[in-house]
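Please look over the sequence and the structure shown here before reading on. The briefing that comes after them is meant to be read with both in view.

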Amino acid sequence: MKLIFSPASPFVRKVRVMVHEAGLCDQVEHVPVKTTALATDPEVRAANPLGKIPTLLLDDGRALFDSRVICRYLDDLSGGVLYPEDWIWDILTLEALADGIMESAVLMVYESRLRNEEERSKKWVDAQWAKVTHALDSLEANGFVAMQGPLNFGQLSIICALGYLDFRHDSLAWREGRPALAKWHEGLKQRASIKDTLPSN
Ligand SMILES: N[C@@H](CCC(=O)N[C@@H](CS)C(=O)NCC(=O)O)C(=O)O
């Protein structure tokens, strides 16, 4: 299998964490690309009509996307450990929350990197950050069942989302006023799959 990836993407990081946790490191070749919404890499476009990463190329020529599909697929290959059936809807909801945090955080980056000064909207950026803060506040208030109990992929997705906030939006200090979430994050960030997949430019 080939993973088309960039080391900065939080969605890609989810897949890299899953590859690690599933013990599939020697079965996935990493193919780095530089792609943006305004300049899509041709290899990405050929594999995924949406032009987005992560995209996973299977050995039989099929392509899988997006990160949720790829992570479920890889977990399935390794015996279905991180999406246990008993809690599946809660875990998928937690993963969706993590993806929503990532989407808003990535859109904020696009606003400053891909748009000219006169095209940028502070109102839009503030609205995206408001989505992130509402999500973080609900995690701090312990509103999600799947945050408790044995490790699952909803939890690891949240770790990837928080890691992206540290990587790109450090100055917005997500830990402030959220001691429980910060403590929970400290506990999981020492896992090998998390330490080995830190985002970079
Ligand atoms: N829902 C998708 C989101 C993927 C995504 O937005 N990836 C970004 C990189 S962080 C991307 O490929 N952006 C290029 C574009 O929007 O064309 C997933 O979970 O994989």
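The points below cover the domains, the ligand shell, a pair of helices and some backbone details.

This is a predicted model, and its chain is divided into domain 1, residues 2-77, and domain 2, residues 85-194. Around the ligand there are 15 residues, and helix 3 and helix 4 each supply at least two residues of that shell.

**Domains and their contact**

- The centres of domain 1 and domain 2, taken over C-alpha atoms, are separated by 20 Å, and the contact takes 14 residues from domain 1 and 14 residues from domain 2.
- On the side of domain 1 that touches domain 2, the elements giving two or more residues are helix 1 (10-21) and helix 3, and of these helix 1 gives the most, with eight residues.
- By class, the residues on this side of domain 1 divide into seven nonpolar, two polar and five charged.

**Around the ligand**

- Of the residues around the ligand, those that come nearest are Ser9, Ala37, Lys52, Asp66 and Ser67.
- The two helices that each supply at least two residues of the shell span residues 67-77 in the case of helix 3 and residues 88-113 in the case of helix 4.
- The shell is made up of five nonpolar, six polar and four charged residues.

**Helix 4 against helix 5**

- The axes of helix 4 and helix 5, the latter formed by residues 122-140, come within 9 Å and cross at roughly 155 degrees; because this angle is over 145 degrees, helix 4 is roughly antiparallel to helix 5.
- The crossing of helix 4 and helix 5 is left-handed.
- Helix 4 makes the contact through Leu97, Gly100, Ile101, Ser104, Ala105, Leu107, Met108 and Glu111, while helix 5 contributes Trp124, Val125, Gln128, Trp129, Lys131, Val132 and Ala135.
- The residues of this contact between helix 4 and helix 5 comprise ten nonpolar, three polar and two charged.

**Backbone details in loops**

- Ile53 and Pro54 are joined by a cis peptide bond with omega of about 5 degrees, and Pro54 has its place in the loop between helix 2 (42-47) and strand 3 (55-57).
- The peptide bond from Phe65 to Asp66 is cis as well, with omega near 5 degrees; Asp66 lies in the loop between strand 4 (63-64) and helix 3, and is one of the residues that come nearest to the ligand.
- Asn142, a residue other than glycine, has a positive phi near 65 degrees, and its place is in the loop between helix 5 and helix 6 (153-168).

Notes:
Residues are numbered from 1 along each chain as its sequence is written. This is a predicted model: local features need pLDDT of at least 70, side-chain atom pairs count only at pLDDT 80 or more; totals for chains, interfaces and linings use all residues. A residue is near a molecule or strand if its C-beta atom, placed from the backbone, lies within 6 Å of it. Helices (H or I, at least four residues) and strands (E, at least two) are DSSP runs, numbered from the N terminus. Ala, Val, Leu, Ile, Met, Phe, Trp, Tyr, Cys and Pro count as nonpolar, Asp, Glu, Lys and Arg as charged, and the others, Gly among them, as polar. Axes are lines fitted to C-alpha atoms, for helices over the stretch in contact, and angles run from 0 to 180 degrees between N-to-C directions. Angles under 35 degrees count as roughly parallel, over 145 as roughly antiparallel, 65 to 115 as roughly perpendicular and the rest as oblique. A crossing is left-handed if the near helix is turned anticlockwise from the far one by less than a right angle, and right-handed if clockwise. Two residues are in contact if their C-beta atoms, placed from the backbone, lie within 7 Å. Domain bounds come from an automatic or database domain assignment.
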